[in-house]
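Student: I would like to learn how to read a structure, one feature at a time. Could we go through one together?

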Amino acid sequence: MAFDIEMIKKVYSQMPSKIEAARKELGRPLTLAEKILYSHLHIDQKFENFERGKSYVDFGPDRVAMQDATAQMALLQFMQAGRPTVAVPSTVHCDHLITAKVGAKTDLEFATKESKEVFDFLGSVSNKYGLGFWKPGAGIIHQVVLENYAFPGGMMIGTDSHTVNAGGLGMIAIGVGGADACDVMAGLPWELKFPKLIGIKLTGKLSGWASAKDVILKVAGILTVKGGTDKVIEYFGEGAISLSCTGKGTICNMGAEVGATTSTFGYDESMSRYLKATNRADVAALADGIKQHLTGDPEVYANPEKYFDEVIELNLSELEPHVNGPFTPDLATPISKLKAAALENGWPVKIEAGLIGSCTNSSYEDISRAVSLAKQASAKGLKPKAEYMINPGSEQIRFTIERDGFLKVFEDFGATVFTNACGPCIGMWDRVGAEKKEKNTIIHSFNRNFAKRADGNPNTYAFVASPEMVAALAIAGDLTFNPMTDFLTNEKGEKVKLDEPTGFELPPKGFDVKDAGFQAPAADGSKVEVLVSPDSQRLQILAPFTPWEGVDIKDLKLLIKAKGKCTTDHISMAGPWLKYRGHLDNISNNMLIGAINAFNDKTDSVKNQLSNNYDTVPAVQRSYKAEGIGSIVVGDENYGEGSSREHAAMEPRHLGVRAVLVKSFARIHETNLKKQGMLALTFSNKEDYNKILEDDIIDIIGLTHFTPGQHLTIVLHHNNGVSEEINVNHSYNAQQIEWFKAGGALNIIRASVKA
């Protein structure tokens, strides 16, 4: 039986009437996204025809999921909220704090010792406040959610940008910061700008080397890394129905790479099969009972241009495998053109490592297709020319593929099997030789490939592809190899060609697992004590941020003017810094160390206006804080793209940055800044970015009349004695302005509990 079945029954019992009311009020058919959104309006939210891309709306999500790195800060905030237990079903998943180095057994043993303090904290907090706890080694949060918690037509939020993976099972699942999760766990409404809608019609059917991963690799090339911002992508058509449930999950997962609020698919037979295979026949039966409400209305899909803001059509029968990268997930290259692109751009063509897994591609189907290539390669006398590594998505997947002989095939083929965890995908890869920073190429089935993301080496050229394409290129060890057309030379000197991969949508013998790694919370957690040592270097009880002073903010120093791509990885790196995710002061020592300073094209080197010397970004900001001086960060387009980590907002807030002024924001990061009481501002005229000079002293004027829709004024006091004013925009609504005034949303929650 499924987890939280009574909650699912309640959602389904109310959904038909809520959808019918929305359809009647709007006077038109509804997309799937609209059905889920309108049926999850918060009880206090007045119904209206919300304006897509503009209206802020309060929702009531069904559940919350958190991974161990982000859960620390989210739960530290929840502890400050004063609530006795979580208001909605919530879970914690220990998947980020496990370094991939030697292999699963050794690496997991090391992690459980190294991060024992954090795991014990998360386990005890979960036990006290009623959260389900998934132990280290249980699996990657998004795969575990898909296997256990996701359900068609539901709404969930998660403190990881790839929460969107659950769209593969027909959910509206959205990545958020920990402050948003804290709100929902505390029983408060969750606010979201009502999204615009992109409809992607899939026709035809995949065959040969093409896979579900290639759908989103192609879409990423079309939409770019910010083409989905503030939008929900809804897939439909005969091609969508032909995909497996986990294939749909892969597509939704990487929708985060185009900035989409989320992606989703309508309920169909593949979802029903997956629910039944994962011991949730009860959910499938409930979904079957209201299945007409779990997909878009027929009129919508017949005339999508009338109901979506944008429509894209892809023929799966014609889709070619793609390889995306390097350094950005939207640089899409069909396999037939990869050789020419590699040679033209001077990409290193020797592949050093091939990695399969991550939350994107670690399903049974993915592993079975990759193992088919390992089997036939061995039979044809081929050995991989590159290192070959596997990350199973969950203990259930790992146990099942071991039972079915897949792990032995991989191990006999020379592959290293890592822990059921994120590992190299999030920078937790202790790669031998990475410290030399040599130029090299790797290929993986992950979702992101920003510089330094996998191994900390800025000169690692990382390419994203399907598991089967990763397997083939790792066997060849050559980026210019096209398995659809090219031959390889085996150990006997014979020319051999790889056959098309084959696999299984679901395990023929069913899934199996001995210990999935789940810990249920105490029935009564009131007497459970959560201990955090005052001397801990890993955990730190939060202190409230100070409220706004009530006046315009003046005499700010420019901390950094970031140039080009500045993701949350650049603002708050992962990898070795993950160990400090529960200690705000310690992790603040990585603030913006990956951002490129526009004035010297260097990372982690900015001018200290007090000494006129150059130093690291955190050191300069700490010197300003020590003197009681505020500062401002200036950035480029799509600032804060990537992971949902709210540390990228909390660190500047903690160290005394007052505002972030950019050309444009990524959605989650902008919200995180607002939640922490920061000013998130955008240039009215993007060319004004060029007016910001290194020694500027900056004022923010108009805060005493801070109003939705009204611009603020920035005064730039240049070093030559000249001052100039520029207009800046903001997207704050009335409630968010109150967050700013109070010093952060959590201060308002805390005050409401005391009241």
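Student: Which side chain does the side chain of Ser-161 join in a polar contact?

Tutor: Bear in mind that this is a predicted model. In it, the side chain of Ser-161 makes a polar contact of 2.9 Å with that of Arg-448.

Student: Is Ser-161 buried or exposed?

Tutor: The cut-off for buried is under 20% relative accessible area. Ser-161 has a relative accessibility of 5%, so it counts as buried.

Student: Which residues does Ser-161 touch, leaving out those up to four places away in sequence?

Tutor: Ser-161 touches Gly-175, Ala-256, Arg-448, Gly-642, Ser-643, Ser-644 and Ile-668.

Student: Now a sheet. What is the order of the strands in the open sheet of 4 strands?

Tutor: The order is β10-β9-β8-β11, and the pairing is parallel. An edge strand pairs on one side only; here these are β10 (262-265) and β11 (310-315). Neighbouring strands of this sheet are turned against each other by 20° on average, direction ignored.

Student: How many bridges link β8 and β11?

Tutor: β8, residues 196-203, pairs with β11 over 6 bridges, in the parallel sense. For a point of reference, Leu-202 stands opposite Leu-314 in β11.

Student: Which helix lies across β9 and β10?

Tutor: That is α10, residues 245-253, which runs at about 160° to β10.

Student: How do I read a helix that has buried residues?

Tutor: An α-helix has 3.6 residues a turn, so residues three or four places apart point the same way. Then take α21 (residues 617-626), where Val-617, Pro-618, Val-620, Gln-621 and Tyr-624 are buried. Down the axis of α21, these buried residues fall within an arc of 160°, so they line one face of the helix.

Student: What do the buried residues of α21 pack against?

Tutor: They pack against several elements, among them β22 (553-561), β25 (631-635) and α22 (647-655).

Student: What is found at the start of α21, and which residue with a positive phi follows α21?

Tutor: At the start, a side-chain oxygen of Thr-616 comes within 3.2 Å of the backbone nitrogen of Ala-619. After α21 comes Gly-628, with a positive phi near 70°.

Technical notes: Residues numbered from 1 in each chain as written. Predicted model: local features only at pLDDT ≥ 70, side-chain atom pairs only at ≥ 80, totals over all residues. Heavy atoms only, no water. Pairing = 2+ DSSP bridges. Helix = DSSP H or I, 4+ residues; strand = E, 2+ residues; numbered from the N terminus. Axes fitted to C-alpha atoms, helices over the stretch in contact; angles between N-to-C directions. Contact = heavy atoms within 4.5 Å. Buried < 20%, exposed > 50% of the residue type's maximum accessible area, 1.4 Å probe, protein only. Polar contact = N/O pair within 3.5 Å; in protein donor to acceptor, adjacent residues only side chain to side chain. Arc of directions from axis to C-beta.
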